[in-house]
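Please keep the sequence and the model open beside the text while reading.

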Amino acid sequence: MRYIALLLIAITLSSCDKNKTEFLTFGNYRGELKVSDTTFLPFTFKVKDANTLEIYNAEEVIAVDEISYKKDSVYIKLPVFEGMLIAKIKNQTLNGRFVVPEKGRVQAFTASKKETRFDTTETSKSNITGQWETVFSPNTDADRYVAKGVFKQKDNSVTGTFLTETGDYRYLEGIVDGNQLKLSTFDGAHAFLFTGTVTDSTINGQFYSGNHWQEPFTAKRNDNYELANANDLTFLKEGYDSVAFTFPDTDGNLVSLTDDRFKNKVVVVQIMGTWCPNCLDESKYYTQYYKANKDKAIQFVALAFEYAKTEDKAFSFIKRLKDRLDITYPILLAQTGTTSKSKANEKLPMLNQILSYPTSIFIDKSGKVRKIHTGFNGPATGDKFTAFKTEFTAFMTMLEAE
């Protein structure tokens, strides 16, 4: 009997152990997303406690506080965006996947205790500090586009970004190992990896966006290179001097520019999406500016173009963004089921084109469009972000004083 009792206790303890909840343990981790059979995108994060962690991309710190557990698995929901890391925990390692459900995207994900993003084996043979005239998909007319690389390098370590005519690739961090460039970022929406061979004057490489897109790029050093003026790319078609729309807000109310709240005010119409990291950067800045200037005759209104398949899901994304950023201006649902720019243009046919999320339309107190700004140079662009804020403030002050 005593033997049987001991056996039952052992079986019970074993069964309990199998159902035991595993938790993240404090410390620095390197996560890796699989972008091809042989290529992995690394990022770093720090577990603060079982319920909070921070993801790092150069100067960017992303606080994550929506973490849940079920037995030996952890569910890490990234802030604002839809993406989620789901993994089994074993011996302080994670093994699972990164999923974006509405887009149907899945990437293999692993993580273990480690402080470095990339490992280095050689002293860097080149220093890429400066500006780089860049072309992505240089040999394919349909996919070809230009960009400007802006980087700072100290020893092997590199930070910076690529600016395009529609926005920037946010905070990139990595190394030059011998003559090999490696840069990455991960923020819950972007999962970007750049690799390449560098000299003092050229970069030839590959760009991976998750595991669903890959393209080559070439770059040459050019400290005088500039992209097209962001204020000249999108404009009103001939015969128009204003824009018009009617879309629902998160309470189901239809909102138009003819509403009383917009009359005799300077209005900024923000074309955006809750899925868009550049739009997130812009929304943070607009929210800060709006709160600091609420006593002035200004208003903001955002038009959200969402990939969510249903209005209910799209509104849930909008509400999540508003709550997370404490956005007090209205965000209207303009489109669901696609982020196609041509489809978006059908909703605002007075524009020649919608080239970028985000795009901002500046309207004066009389209701006339005074400027349309394509894209957004966010905080990862350094001096460009500072210059944008200076220009934005000066232009808004001028319009408000009229």
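1. D326 has its place in the loop between α3 (311-325) and β23 (331-335), where helices (H or I, at least four residues) and strands (E, at least two) are DSSP runs numbered from the N terminus. The model is a predicted one, in which local features need pLDDT of at least 70 and side-chain atom pairs count only at pLDDT 80 or more, while totals for chains, interfaces and linings use all residues. Residues are numbered from 1 along each chain as its sequence is written, and side-chain values use heavy atoms, with hydrogens and water left out.

2. D326 has a positive phi of about 55 degrees, although it is not a glycine. With a relative accessible area of 44%, D326 counts as partly exposed, because buried means under 20% relative accessible area, exposed means over 50%, and partly exposed lies in between (1.4 Å probe, protein chains only). As background, most residues other than glycine have a negative phi, and most peptide bonds are trans.

3. V80 also deserves a look, for V80 is not a glycine and yet has a positive phi of about 70 degrees. V80 lies in the loop between β6 (73-77) and β7 (84-90), and with 8% relative accessibility V80 counts as buried.

4. Which two residues does a cis peptide bond join? They are Y357 and P358, with omega at about 5 degrees, and P358 lies in the loop between α4 (341-347) and β24 (359-363).

5. P358 is also one of the residues in contact with T374, alongside E165, A230, L233, T234, L355, S356 and T359, when neighbours of T374 within four places in sequence are left aside; contact here means heavy atoms within 4.5 Å. T374 lies in strand β25 (residues 369-374) and is buried, with a relative accessible area of 3%. The side chains of T374 and T234 are joined by a polar contact of 3.2 Å, a polar contact being a pair of N or O atoms within 3.5 Å, of which, within protein, one must be able to donate a hydrogen and the other to accept it, and for which residues adjacent in sequence count only if both atoms are side-chain atoms.

6. Is E60 buried or exposed? E60, which lies in strand β4 (residues 60-64), is buried, with a relative accessible area of 9%. The side chain of E60 makes a polar contact of 2.9 Å with the side chain of R170, and, leaving aside neighbours within four places in sequence, E60 is in contact with I55, R170, Y171 and D187.

7. K113, found in strand β9 (residues 105-113), counts as partly exposed at 34% relative accessibility. The side chain of K113 reaches the backbone oxygen of F26 at 3.1 Å and makes a polar contact of 3.2 Å with the side chain of Q92. Apart from neighbours within four places in sequence, the residues in contact with K113 are T25, F26, G27, N28, Y29 and Q92.

8. The largest nonpolar core has 93 residues, and those with the most contacts inside it are L24, F186, F300 and L351; such a core is a set of buried Ala, Val, Leu, Ile, Met, Phe, Trp, Tyr and Cys residues joined through side-chain atoms within 4.5 Å. Strand β22 (residues 298-305) gives the most to this core, with 7 residues. Apart from this core lies another, of 19 residues, among them I128, V176, L181 and L183.

9. M396 is found in helix α5 (residues 383-401) and is buried, with a relative accessible area of 1%. M396 touches V266, V268, Y289, I298, F300 and F362, not counting residues up to four places away in sequence.

10. The largest pocket has a volume of about 1400 Å³. On a 1 Å grid over the protein atoms alone, a pocket is an open set of points where a 1.4 Å probe fits, with protein on both sides within 12 Å along at least five of seven lines, and lining residues have an atom within 4 Å of a point; grid points are joined across faces, edges and corners, and a volume is the space filled by probe spheres set on the points. The pocket is lined by 45 residues, of which Y169, F192, S209, W275 and K341 lie nearest its centre.
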